[in-house]
Amino acid sequence: MRLVTWNINSVRLRFGLLAQVVERLRPDVICLQETKVVDELFPADDCRALGFPHLAFHGMKGYNGVAILSKRPLTAVARPLRCDKADCRHLVAEVDGIEVQCLYIPAGGDVPDPAVNDKFAHKLDFVRELTTLYATQYTADRPVILAGDFNIAPLETDVWSHKQLLGVVSHTPVEVELLTRMQASVPFIDAVRHIIPPEERLFSWWSYRSPDWTRNDRGRRLDHVWVTPTLQDRLKGAEVLRDARAWTQPSDHVPVLVDIAD
DNA sequence: ATGGTTGATGGTCAA
């Protein structure tokens, strides 16, 4: 199974780029975040025409939104977490006996203090809630993939400057610690770092606000694919499609790919 | 410390 995750930042605006991703990477399963569209307006027919007859999507007006596109049948579709907030950040489906979870963890706003910033508090709560879910209901022998925009860069090599980003939301110690705890809950294997050594700098997001994203390469690795230990030996490859950041009218995130042996 | 850009929206808000 070839799985791609991508924060597409509007599935309607960038459907043409999605077609390019499909043509270039030939994925079997695609997890999308920030689709930014209500379910009634989701481009389902276009997805089917692209070769993905099996769809699950969960969106709202203007913000958030997650989707799973699949060439193979999707079963047991669920929307387990935080939907009481109408957030549309978590979608679960089963493909070929593997549970695929599409995740969009809140970005968390600008100020990394839950006492003064509700968005940061929500982010921390969201990660804690996921951790409880996995710690209580999941085990290492259950085949599960978590894929999505986690909005946290855990390693020093996941950011352009560890020191300069210690106080910046996405790389603060409290976020990294909570994400590490979430990873340890089952535990999950970081599939991309299993293939690409942790010593190597690796980014999947570059801010729109930089006039030239290539100039200083000030990126962060916010997009992740994790698997349960039972899938570890089936990990065959991983790639971050850095080139996609240079496409015309790009998303600020690029697609991340993982190959898992059938 | 601040500003910088983008997308959905039709005010701003979120990222």
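Predicted model: local features only at pLDDT ≥ 70, side-chain atom pairs only at ≥ 80, totals over all residues.
Biologist: How are residues and chains labelled, and what pLDDT do local features need?
Modeller: Residues are numbered from 1 along each chain as its sequence is written, while chains are lettered from A and ligands numbered from 1 in the order in which they are written. Totals for chains, interfaces and linings use all residues, side-chain atom pairs count only at pLDDT 80 or more, and local features need pLDDT of at least 70.

Biologist: Which residues come nearest to DNA strand B?
Modeller: A residue is near a strand if its C-beta atom, placed from the backbone, lies within 6 Å of it. Of the 15 residues around DNA strand B, the nearest are Ser 10, Leu 13, Ala 107, Tyr 208 and Arg 209.

Biologist: How do the residues near DNA strand B divide by class?
Modeller: Ala, Val, Leu, Ile, Met, Phe, Trp, Tyr, Cys and Pro count as nonpolar, Asp, Glu, Lys and Arg as charged, and the others, Gly among them, as polar. On this surface the division is five nonpolar, five polar and five charged.

Biologist: How is helix 3 oriented relative to helix 5?
Modeller: Helices (H or I, at least four residues) and strands (E, at least two) are DSSP runs, numbered from the N terminus. The axes, lines fitted to C-alpha atoms over the stretch in contact, with angles from 0 to 180 degrees between N-to-C directions, come within 9 Å and cross at roughly 15° for helix 3 (residues 118-137) and helix 5 (residues 173-184). Angles under 35 degrees count as roughly parallel, over 145 as roughly antiparallel, 65 to 115 as roughly perpendicular and the rest as oblique. Helix 3 is therefore roughly parallel to helix 5.

Biologist: Which residues does UniProt list for "active site"?
Modeller: The entry is unreviewed, and annotations may be inferred rather than shown by experiment. One of the listed residues, Tyr 104, lies in strand 7 (residues 98-104).

Biologist: What is the largest C-alpha distance among the "binding site" residues?
Modeller: The unreviewed UniProt entry lists Asn 7, Glu 34, Asp 149, Asn 151, Asp 252 and His 253. They are spread over 247 residues of sequence but cluster in space, with a largest C-alpha distance of 12.3 Å.

Biologist: Where is the cis peptide bond that involves Pro 187?
Modeller: Most peptide bonds are trans. Pro 187 sits in the loop between helix 5 and strand 9 (189-190). With omega about 5°, the cis bond joins Val 186 and Pro 187.
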